[in-house]
Amino acid sequence: MGVRFTLLYAVVFLVSGAGLLGLTILLAGGASETQAAPDNTTTANAAVEERVRVLEEQLAAVHTEQNRQLLIGALIAMIAMAVVSVVLGRALARRVLRPLRTITAATRRITADDLDRRLAVDGPSDEVKDLADTIDELLERLETSFDAQRRFVANASHELRTPLATMRASLDVAVAKPDAPTATVVLADRMRTQLDRVDHLLDGFLVLARAQHGALADNAAVPLHDLVTAALTARSADGLTLTVDVPEAVVVEGSPALLARLVGNLVDNAVVHNEPSGWITISGHALDGVAELVVETGGEVLDQRQVDRLARPFERLGAARTGSSGLGLSIVAAVAAAHGGRLTLQARPTGGLRAAVTLPVASEALVAA
């Protein structure tokens with residue numbers, strides 16, 4: 001837009017200057033014709049006529065030189081006017097677009113995790129301020145909508161636990177009877193499997209809602225090595241070649257419960273969605289106040305466009321992943337974002353997936369506490 005405004009202002013200045021110069025040249029030409037007009041009444045004899053002819057030729061030569069110099073001066077003036085027009089147009093475009101650039105930069109810094117921020121542009125009541133106020137109103141509506149959505153997910157997940165517990169208890173009572181039919185026992189086992197899956201899904205909803213809310217009241221220093229060890233203990237990786245390189249000195253800062261879920265989901269995803277007799281590599285390091293945990297797995301070659309969607313809720317990759325809840329990596333992404341980090345997923349060129357999470361390193365005061 002800045003280029004368009006610059007060209008617009010430059011063209012306006014240039015056309016105005018060209019019109020002024022053209023008018024000057026036209027008036028000069030008219031004046032020269034008037035001055036060059038001969039006076040036939042004064043030609044009384046041949047000598048006078050010859051003298052008049054010589055004077056006319058001299059005047060014509062003078063006017064021709066004047067016109068040539070005027071044309072050269074006009075061309076120089078046009079070039080100078082073009083340069084000045086571009087410079088002035090650029091300056092005016094920057095001056096006009098400066099408030100819009102400020103609004104654009106401030107809007108880009110606002111994410112789903114800090115919708116409570118506002119532009120709050122000061123100044124006269126003009127179109128720019130109206131635009132800023134409209135964006136602030138839009139952010140307020142988005143904040144209200146996001147908060148309502150998160151509360152609904154959390155409340156619905158919590159309320160659904162009661163009927164699930166009732167259904168589980170009813171199955172246990174039906175199976176515990178001495179004369180329980182075999183069909184009832186088989187059906188109860190199937191129902192327990194489905195109930196476990198729904199319970200796991202609700203648990204994922206609760207963690208996701210908590211992570212997206214951004215409230216980390218239980219901030220603490222957590223060794224990354226301990227989180228990885230606990231996750232590997234909870235999830236068996238039998239039949240897989242496991243390589244772990246996470247120094248004990250790497251300590252991150254955040255909610256212990258959410259960070260444990262983050263690492264657990266990464267490990268669980270690597271174990272479940274792996275090939276038979278595959279491998280898992282878990283590494284970690286810290287640099288410039290940021291810790292990075294990388295979990296890599298082997299497998300078939302994946303499409304990066306599909307991999308980019310795995311951090312969204314209920315996104316699965318291929319038919320082999322239909323048994324999952326579809327919330328694992330979305331929870332990882334939400335927890336990382338709540339801690340000021342991010343999740344990066346990359347399809348490995350030789351096959352498999354590389355998941356990297358960045359987290360803030362714990363401060364020395366927090367580690368000492």
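This is a predicted model: local features need pLDDT of at least 70, side-chain atom pairs count only at pLDDT 80 or more; totals for chains, interfaces and linings use all residues.
Residues are numbered from 1 along each chain as its sequence is written, and side-chain values use heavy atoms, with hydrogens and water left out.

**Nonpolar cores**
- The largest nonpolar core has 43 residues; such a core is a set of buried Ala, Val, Leu, Ile, Met, Phe, Trp, Tyr and Cys residues joined through side-chain atoms within 4.5 Å.
- Helix α6 gives this core its largest share, eight residues. (Helices are DSSP runs of H or I with at least four residues, strands are E runs of at least two, and both are numbered from the N terminus.)
- Leu293 is among the residues with the most contacts inside the core, and Leu293 touches Val263, Leu266 and Ile282, among others. (Contact means heavy atoms within 4.5 Å.)
- A second, separate core has nine residues, including Leu119.

**Leu119**
- Leu119 lies in the loop between α2 (46-108) and α3 (127-176).
- (Buried means under 20% relative accessible area, exposed over 50%, and partly exposed in between, with a 1.4 Å probe and protein chains only.)
- Ile103 is 16 residues from Leu119 in sequence, with 7.1 Å from C-alpha to C-alpha.

**Arg261**
- Beyond its neighbours within four places in sequence, Arg261 contacts His200, Asp203, Gly204, Val207 and Ile331.
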